[in-house]
Amino acid sequence: MTEETAGFGKESDVPADAGEPSEADRAAASDQEAAPGAPSAGDAQQSEGDVSAQDVWDAEGGDQERGESAEGAPSELEAARKALHERTQDLQRLQAEFQNYRRRVERDREAVKEIAVANLLTELLPVLDDIGRARDHGELVGGFKSVAESLETVAAKMGLMQFGKEGEPFDPTVHEALMHSYSPDVTETTCVQILQPGYRIGERTIRPARVGVAEPQPGAAGGKGEAGAEAPAAEEENGGPDEG
């Protein structure tokens with residue numbers, strides 16, 4: 001039993017520290033474990049190449065888009081100008097319509113005002129007639145005179161004007177003939193008597209003047225002519241005027 005087993009007595013060729021990793025191997029292993037998804041050096045180079053190609057592609061696409069946008073800019077500008085022109089025309093049309101509307105409203109307002117004033121003054125005309133008759137008969141005295149004059153002043157301020165005088169030619173548009181006669185003193189139809197004065201507001205007549213008119217006598221002008229022609233003929237038949 002003193003013999004040694006064959007093979008057990010020989011020393012192994014593997015070094016004693018072959019089974020233990022070095023410090024560098026342990027550091028590399030720990031780094032790989034800490035970042036299992038980190039790319040290798042070859043992958044990093046390949047990624048850098050891919051990024052550069054993508055950048056070039058994006059740059060080319062951007063240039064193409066800028067070219068297309070530059071080509072479309074004139075058409076967009078023309079469309080904007082057209083829209084601006086249309087909006088300007090719409091604004092001008094609206095402004096003209098508003099001006100017409102404002103003038104129409106002002107005209108209607110003035111017409112309504114004139115109608116209202118005319119209706120009011122028309123109701124006062126009988127009172128003004130009574131004041132006129134009282135003045136003609138000398139009865140407009142005292143406090144009644146002051147009230148009458150104040151009323152006439154207010155009516156005049158509101159635009160009431162009186163018309164109709166004796167001796168003016170007869171105008172059927174503003175005169176109403178209630179009496180008719182013939183007179184040798186007139187050469188045309190004339191107002192010889194004012195029965196009621198007329199009144200107007202501006203150019204609007206609210207009551208015509210009621211008058212008596214006179215016309216020239218029929219044949220008055222012809223009679224004068226015949227008489228003037230007969231006198232020289234009679235003088236010629238008698239041998240001319242008598243000598244003194």
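Which residue of E5 does Tyr 199 stand opposite? In the predicted model described here, Tyr 199 stands opposite Arg 207 in E5. Local features of this predicted model need pLDDT of at least 70 and side-chain atom pairs count only at pLDDT 80 or more, whereas totals for chains, interfaces and linings use all residues. Residues are numbered from 1 along each chain as its sequence is written, and side-chain values use heavy atoms, with hydrogens and water left out.

**View 1. Overall composition of the chain.** The chain comprises 4 helices and 6 strands, taken as DSSP runs numbered from the N terminus (helices: H or I, at least four residues; strands: E, at least two). Read from the N terminus, the order of elements is α-α-α-β-β-β-β-β-β-α. Of the 244 residues, 14% count as buried (buried is under 20% relative accessible area, exposed over 50%, partly exposed in between; 1.4 Å probe, protein chains only). Among contacts (heavy atoms within 4.5 Å) between residues at least 6 apart in sequence, 64% join residues at least 24 apart.

**View 2. The E4-E5 hairpin.** Strand E4 (residues 198-201) is joined to E5 by 3 bridges, and the two run antiparallel. Within this pair, Ile 201 stands opposite Arg 204 in E5. The hairpin has 2 residues between its strands, and Gly 202 in the turn has a positive phi of about 65°.

**View 3. The largest nonpolar core.** A nonpolar core is a set of buried Ala, Val, Leu, Ile, Met, Phe, Trp, Tyr and Cys residues joined through side-chain atoms within 4.5 Å. The largest one holds 13 residues, and those touching the most other members are Leu 121, Leu 125, Leu 128, Leu 160, Tyr 199, Ile 201 and Ile 206. Two or more residues come from each of helix H2 (41-136), helix H3 (142-157) and E4; H2 gives the most, with 6 residues. Domain 1 (75-158) and domain 2 (160-219) each supply at least three residues to this core, the bounds coming from an automatic or database domain assignment. Leaving aside neighbours within four places in sequence, Ile 206 is in contact with Ala 118, Thr 122, Leu 125, Leu 160, Tyr 199, Arg 200 and Ile 201. Apart from this core lies another, of 6 residues, among them Phe 163, Val 174, Cys 191 and Ala 209.

**View 4. The mixed sheet E2-E6-E3.** This open sheet of 3 strands has the order E2-E6-E3 and mixed pairing. Strand E2 (175-182) and strand E3 (190-196) stand at the edges, each with a single partner strand, so one side of each lacks a neighbour in the sheet. From one strand to the next, the twist averages 30°. E3 and strand E6 (residues 209-215) run antiparallel and are joined by 5 bridges. Cys 191 stands opposite Val 213 in E6.

Conventions:
Two strands pair if DSSP finds at least two bridges between them. Axes are lines fitted to C-alpha atoms, for helices over the stretch in contact, and angles run from 0 to 180 degrees between N-to-C directions.
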